[in-house]
Amino acid sequence: MSRTDLIADVFTIIRNAIMAKKDVVDIPVSNTIKSILEILKKEEYIEDFKIIEDKKQGTARVHLKYSAGRPAIRNIRRVSRSGLRVYVKRDKIPVVIRGKGIAIISTSQGIVTDKQAREKGLGGEVIGYIW
């Protein structure tokens, strides 16, 4: 099976694992996915992740975060997709759930959160929302 949108597949895998109350989930990995996972770890939406090298694409083992039985990630949504790319200018960067969530944005200086993009004055492609 060929994957046309790896980011959407990863978001769906994480969303399904949270609904099934799994502690650990394995996802396919790329450099973009590594950057997104680093942001999720830094923003404390996941406990940790580890890259497992195989002879193919590679896999990331993600340890999901729960507090008092409730997941840290309430919802994870892909915004820009292959059929409809969503770009924003630096003064139109979205605020997710009045600042309680984050938007992940792909900029010319790498993948950053909405807060970092505002600080650096960068626009780019909106990858997804997490809250």
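Student: How does Ile97 count in terms of relative accessibility?

Tutor: At 44% relative accessibility, Ile97 counts as partly exposed, where buried means under 20% relative accessible area, exposed over 50% and partly exposed in between, with a 1.4 Å probe and protein chains only. This is a predicted model, in which local features need pLDDT of at least 70 and side-chain atom pairs count only at pLDDT 80 or more, while totals for chains, interfaces and linings use all residues. Residues are numbered from 1 along each chain as its sequence is written, and side-chain values use heavy atoms, with hydrogens and water left out.

Student: OK, and where is Ile97 found?

Tutor: Ile97 sits in the loop between β7 (87–88) and β8 (102–107). Those labels come from DSSP runs numbered from the N terminus, with helices being H or I of at least four residues and strands being E of at least two.

Student: What is phi of Ile97 near?

Tutor: Its phi is near 45°, which is a positive value in a residue other than glycine. Arg98, in the loop between β7 and β8, also has a positive phi, of about 55°, although it is not a glycine.

Student: Is Arg98 buried or exposed?

Tutor: Arg98 counts as exposed because its relative accessibility is 82%. Lys100 belongs to the loop between β7 and β8 as well, and at 70% relative accessibility it counts as exposed.

Student: How many residues apart along the chain are Ile97 and Trp131?

Tutor: They are 34 residues apart along the chain, and their C-alpha atoms are separated by 7.4 Å. For Lys100 and Ile130, which are 30 residues apart along the chain, the C-alpha separation is 9.2 Å.

Student: Switching to Arg118, where does that one lie?

Tutor: Arg118 lies in helix α3, which covers residues 114–120, and with 35% relative accessibility it counts as partly exposed.

Student: Which residues does Arg118 touch?

Tutor: Leaving aside residues up to four places away in sequence, Arg118 touches Ile93, Pro94 and Val95, where contact means heavy atoms within 4.5 Å. Arg118 and Glu43 are 75 residues apart in sequence, and their C-alpha atoms are 16 Å apart in space.

Student: New topic: at what angle do the axes of helix α1 and helix α2 cross?

Tutor: The axes of α1 (residues 6–19) and α2 (residues 31–42) cross at roughly 40° and come within 10 Å. Here the axes are lines fitted to C-alpha atoms, for helices over the stretch in contact, and angles run from 0 to 180 degrees between N-to-C directions. The two helices are therefore oblique to each other, since angles under 35 degrees count as roughly parallel, over 145 as roughly antiparallel, 65 to 115 as roughly perpendicular and the rest as oblique.

Student: Which residues make the contact?

Tutor: From α1 they are Leu6, Ile7, Val10 and Phe11, and from α2 they are Thr32, Ile33 and Ile36.

Student: Last one: how many helices and strands does the protein have?

Tutor: The protein has three helices and 10 strands, and from the N terminus on its elements run α-β-α-β-β-β-β-β-β-β-β-α-β. Its C-alpha trace spans about 40 × 35 × 25 Å along the principal axes, and of its 131 residues 40% count as buried. Among contacts between residues at least 6 apart in sequence, 60% join residues at least 24 apart.
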